[in-house]
Amino acid sequence: MFQLEQWFIQFLLYFVSPEAVNSFLRDPRHTAIIIGTLIAVSGALLGSFLLLRGMALTSDAISHTVLLGIVVAFLVLLAVQGQAPDLSSPWLILGAAAAGVATVILTEALHRSGLVKQDAALGLAFPLLFALAVILIARKVENVHLDVDAVMMGEIGLAWANSNSHCLENCESVSITPDDPRAQINRQCTNCRTLGISPRDEGAQFADICTNCGVYSPGQAWQAGLIATQPVLLFWPKSITVLALITLLTIGFVGLFYKELKLSTFDPALAAALGFRPALLNYALMVVVSLVVVGAFDAVGSILVIAFFIIPPAAAYLLTDRLSWMLLLSAVIGAVGVYFGYDLARGRFLWLEMGGLLAGLNRLFGLGLSEQWNSSISASMVLMIFFLFLVAWVFSPRYGLVSTLVRRAAQRRHFADQVVMGHIYHHQGQVAEHEELIILTLHHHFRWSPRKMARVLARLRSSYLVRFEKGLVLLTPQGEARVHRFRQTQLGRNGQSMAQNLP
Amino acid sequence: MPDNEHSPHDDMDKKALVIDDLTVAYDSKPAIWDVDLELPEGVLMAIVGPNGAGKSTLIKAALKLIPRSAGTVRFYGLPYEKARSFVGYVPQRGSVDWDFPTTVIDVVMMGLYGRLGWFRRPGRRERELGMYALEQVELADFAGRQISQLSGGQQQRTFLARALVQDARVYFMDEPFAAVDAVTERAIVAILRELRARGKTVVVVHHDLQTVAEYFDWVTLLNVEIVASGPVATTFTPDNLRQTYGGRVSFLQDGAAALATGD
């Protein structure tokens, strides 16, 4: 992993100076946003397919069960190597992927038994695997950094603290032995303890020992004054490498299998008939989902990770009718939510200072709220992404709440117009005309309020579809043409029967 | 029948579809039992039978969408794995989510995915083929629409266009006439006849006994087992229908009436 990181940094340094990278990454805000964005992008790409497959909750299940994979792999490595393995070891990640697939297989097996429904099967499989993981952690690895709290919540803000330092220039490491000219020598009494002699005693014998022997990394060597030139060091948060790799893998997977994923999501039967192995593709998808979930573990924990998978695609789904746009939009929504989510955790909602708001509330109501706003970063990111979803839900041009209400109101108006014109059309020129078409009593025939009828008539009259004559309401030639057209286009072949139902 | 795609030297090859001893069981109860079926090239065949007779199951088992308990199915003498490229499938309209974010032309182009194989994306040629198929089902104006904005009949025709672009030799259609308007029903019949004229073989799960004689020239009566299978004139008899549907007299009368008008 370290080697890989170096290659990546080498590549990066073709474009930016190490100082720029360093000063950028030294800011925890930047690191948190980069990591959050990587999670959001890969989560959104995969989540779009999960959402469309009706498997939204599967990502939640997997985010819990991967823990079992991690713990089992951890214990196996512990037994084989005899020491606690590094928590970013690729074996743990593979174990997690295996657990993700196991979740899906177990769920399907339960479902296929015909005794439990799909959602119940998921609800059976995932607590089982998660409970096993929790028991294993509690019994076996208590003193290792793998506690349940850390797994549940994660802390994206700490990611920058866990960095590798890469040396770019003046990278000599220094090893000091007693013979080294730079070695500092102390004299130490060799026989004080055993013979009960103190160093001040006459018979004390002394040996020269080196107080600073050992191997010094370039940074330490410079600080200890062992080398004259300052090394150029680059601090690189470990999670970025892992997550960048996983994100690249996700993009590669979705890019490569876009057509196949699309087909097997929309019409699994046709996908199978054409030989595209939808079941296999499904497992592959679950493997990638598991990898992303594991990668996101440290940062956002297992509970909130589902938000990164589901909320952005749910928002994008409301904004577009194209799958490709849905993928792109959901990635963007996730990233934007992450960006503003960090600021929210630090007390700023978009461009609004929350501290000021709290102070204002305190002054008005005397609530005694703390004006220090400092909360969980990952939770704030999720809140922000949800806020973006809310915006899409309300304001989406085609499917949003507002446009739906507007459209429904327009349809109701249009229908009221048609019903009234239809009524006039039927009775106009008939004997009953003088009873049926009196302006002042027309609303009785429809059981409408006089106000509603007045509104409809005013609207029809202002667009010259009806005219008022001797207290009666009659169709204009335009109005008659409109009724004819409506009957042809809307009533179709059922025109006769529907016409009879009109008042 | 036009026959320029393969040599007619082998009589076995002229059978578009041969099913031998096909049995499918869900749990222990057979859904279809020991089905034997032979279908010559260039016919339109209806599979009819009561609810739960295994009509859809027969199609799905033939296309290996569900596991077979026993039996073989051959398309022009080939097992399904080798026949994929020339077998087309139109699933039931309700089998997919029509709110899926995709357009009509996209759905039609999915019929070409099999020919494209893994990884290759549809391009301009595929789009042209898709548009041509949409013109055939009179949906060219709707190519860019999101699929939920289609009527039921238009959705069915979209599926039909998707099967057309596959340019298969044997088609399987699962209830294409279910809940469609008169316009679509006529369009589907026209397409079926067009396919037959081009030497294609079409197997249709059908539920309307009245129209069997009018639309199809071959019929299979299925009720878990095959009751009868053959040309409509000799197979679609009141006697066979009674065997298929048991005592459900109204169906029998309808069927007999259809037979009378169809002949």
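# A tour of chain B and its contact with chain A

Across the interface of chain B and chain A, two salt bridges are found, a salt bridge being a side-chain nitrogen of Lys or Arg within 4 Å of a carboxyl oxygen of Asp or Glu. The model is predicted, so that local features need pLDDT of at least 70 and side-chain atom pairs count only at pLDDT 80 or more, while totals for chains, interfaces and linings use all residues. Side-chain values use heavy atoms, without hydrogens and water; residues are numbered from 1 along each chain as its sequence is written, and chains are lettered from A in the order in which they are written.

**The interface**

Select Asp106(B) and Lys262(A): they form a salt bridge whose closest N and O atoms are 2.9 Å apart. The elements giving two or more residues to the side of chain B that touches chain A are α3 (104–109), α4 (113–116) and α6 (152–166) of chain B. Helices (H or I, at least four residues) and strands (E, at least two) are DSSP runs, numbered from the N terminus. That side of chain B divides into 17 nonpolar, eight polar and seven charged residues; here Ala, Val, Leu, Ile, Met, Phe, Trp, Tyr, Cys and Pro count as nonpolar, Asp, Glu, Lys and Arg as charged, and the others, Gly among them, as polar.

Next, display the whole contact (heavy atoms within 4.5 Å), which takes 32 residues from chain B and 30 residues from chain A. The area buried between the two chains is about 2800 Å², with carbon and sulfur atoms giving 65% of it. Buried area is the accessible area (1.4 Å probe) that two parts lose on being put together, summed over both.

**The three-stranded sheet**

Move to the open sheet of chain B with the order β2-β1-β4, formed by three strands in antiparallel pairing; two strands pair if DSSP finds at least two bridges between them. Its edge strands are β2 (29–40) and β4 (70–75) of chain B, each pairing on one side only. Neighbouring strands are turned by 15° against each other on average, direction ignored. Axes are lines fitted to C-alpha atoms, for helices over the stretch in contact, and angles run from 0 to 180 degrees between N-to-C directions.

Select β1 (residues 15–26) of chain B, which pairs with β2(B) over eight bridges. Ile19(B) has Leu37(B) as its bridge partner in β2(B). Helix α1 (residues 55–62) of chain B packs on this sheet and touches β1, β2 and β4, its direction making about 110° with that of β1(B).

**The six-stranded sheet**

Now select the open sheet of six strands in chain B, in the order β5-β6-β7-β3-β8-β9, with mixed pairing. Here the edge strands are β5 (87–90) and β9 (225–231) of chain B.

Strand β8 (residues 218–223) of chain B runs antiparallel to β9(B), joined to it by six bridges. Leu222(B) stands opposite Ile226(B) in β9(B). Finally, select α6(B), which lies across β5 and β6 of chain B and runs at about 175° to β5(B).
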